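Here's a quick tour for anyone opening this structure for the first time. Have a look at the sequence and the model, then read on.

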Amino acid sequence: MSIHEVFMPALSSTMTEGKIVSWVKSPGDKVEKGETVVVVESDKADMDVESFYEGYLAHIIVPAGDSAPVGNAIAFIAETEAEIADAVAKASSISAAVVAPLAAASKGSSATAVVEPVTTSQNGSNHREGRIVASPRAKKLAKELKVDLNAIAGSGPFGRIVAEDVETAAGKVSAPPTVTPITAPVTTPISTPAAPKPLPAPVSAVVPSQTTPFTTLQNAVIRGMVASLAVPEFRVSYTITTDALDKLYKQLKSKGVTMTALLAKAVAVTLQKHPLLNASYSDQGIVYHSGINIAVAVAMDDGGLITPVLQNADQVDIYSLSRNWKSLVERARAKQLQPEEYSTGTFTVSNLGMFGVDTFDAILPPGQGSILAIGASRPQVVATTDGMFGVKQQMQVNITCDHRIIYGAHAAAFLQDLAKLIETNTQSLTM
């Protein structure tokens, strides 16, 4: 019997689990070797997963929308149509082996388990038709109040039916307890005014809290930030006058040049003189990278953070660099980046100046030695060399470094040369 398992692949070095975005093939479809079978959401992109085998997609273990750890089986491929039934039986036996211990644990319960039929949709995702998602308390109340759960729209997370939904459907409103006035015995024929009836206490609706699960991208960011806690970091700040850079940007903006590309280019050119700032730590020693790859942090619309990489930014002209950056951002937000386009950075730039932020500290990404935080450029009153006062555009930059390989003097020298380039030699960025 030739039945092969399709495993959840490791699409990046930091990936521990993947989420099935969609199945390109449905059960029973013919599959060629090297043909895309499923689309998987890795840490930061959606990737096509190809089949290593030729045959037929026999059974899907992990449906679209669900996740599985790297290395776990997500489907079966049978070499012949005749073996499809055997693959389905194999999958059923695996499921039974998992369910059996659970059934044994609940032995003695008076509740009867009802097995719901499973149907396979056209895209290969397993869906239980007519399945009701309700909390245990809601199910118990529904039995007591004789309420049909099928007729209730749940207000809980992902449409889950909660107890309040059942009570509302049953028309049961919890009223405050009424106070019965105690009548004193009448000892005289003189009539007394009736005591005023107490006002009912206001009923306040309690809105339950909702928990939104982390996305795959957010989980990847979480793992990276936790890993950064193990690195001894230090930070150095510097003030840079940007009048010359702003003037150059105004000249080149109509040609498609972006400020992000200009800043990345300036950082990359400065790193040529400071290779240690472009290096990273390893247990064997300092890793000096052959290329200067500038990663730039981009916030995603649906949460999370990704750092598209401008490869060899010091060697690419500013116009091509700007076109590359525009393409990277568009594909990043469409989750179409390849791993080498977001995981090969040697130095990271994080720019919150576009949001009006004056200064901030950036957290060092794992596997890198430095990250530069850039604030907004604002007009400042400064003293000139002739003893007068003037107004200049200035921005604050903060660099965070791995103190295991980089020291304060190294970071200060880098920032000093970066400032000199931006303030007095911006024309070199267009060469």
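## The chain overall

Of the chain's 431 residues, 38% count as buried, meaning under 20% relative accessible area with a 1.4 Å probe and protein chains only, while exposed means over 50% and partly exposed lies in between. This is a predicted model, where local features need pLDDT of at least 70, side-chain atom pairs count only at pLDDT 80 or more, and totals for chains, interfaces and linings use all residues. Residues are numbered from 1 along each chain as its sequence is written, and side-chain values use heavy atoms, with hydrogens and water left out.

The chain has eight helices and 21 strands (DSSP runs numbered from the N terminus: H or I of at least four residues for helices, E of at least two for strands). Its accessible surface comes to about 25100 Å², and 56% of that belongs to carbon and sulfur atoms (areas are from the Shrake-Rupley method with a 1.4 Å probe; for residues, only the protein chains shown count as cover). Looking at contacts (heavy atoms within 4.5 Å) with a separation of 6 or more, 61% are between residues 24 or more positions apart.

## A covered strand and its partners

Strand β6 (residues 55-60) is mostly covered, with five of its six residues buried. Which strands does β6 pair with? One is β3 (residues 30-31), antiparallel over two bridges; pairing here takes at least two DSSP bridges between the strands. On that side, K30 has Y56 of β6 as its bridge partner.

The other is β8 (residues 73-78), also antiparallel, joined to β6 by four bridges.

F214, I222, V226 and L229 make a nonpolar surface patch of about 440 Å². Patch residues have over 30% relative accessible area and no salt bridge, with nonpolar side chains (Val, Leu, Ile, Met, Phe, Trp, Tyr) joined within 5 Å and like charges within 9 Å; a salt bridge is a side-chain nitrogen of Lys or Arg within 4 Å of a carboxyl oxygen of Asp or Glu.

F214 sits in the loop between α3 (163-169) and α4 (216-228). F214 counts as exposed because its relative accessibility is 56%.

## Around N351

Now for N351, which is part of strand β18 (residues 347-351). Is N351 buried or exposed? Its relative accessibility is 17%, so N351 counts as buried.

Leaving out residues up to four places away in sequence, N351 touches L263, I374 and G375. A polar atom of the N351 side chain also lies 2.9 Å from the backbone nitrogen of G353.

Note on methods
A polar contact is a pair of N or O atoms within 3.5 Å; within protein, one must be able to donate a hydrogen and the other to accept it, and residues adjacent in sequence count only if both atoms are side-chain atoms.
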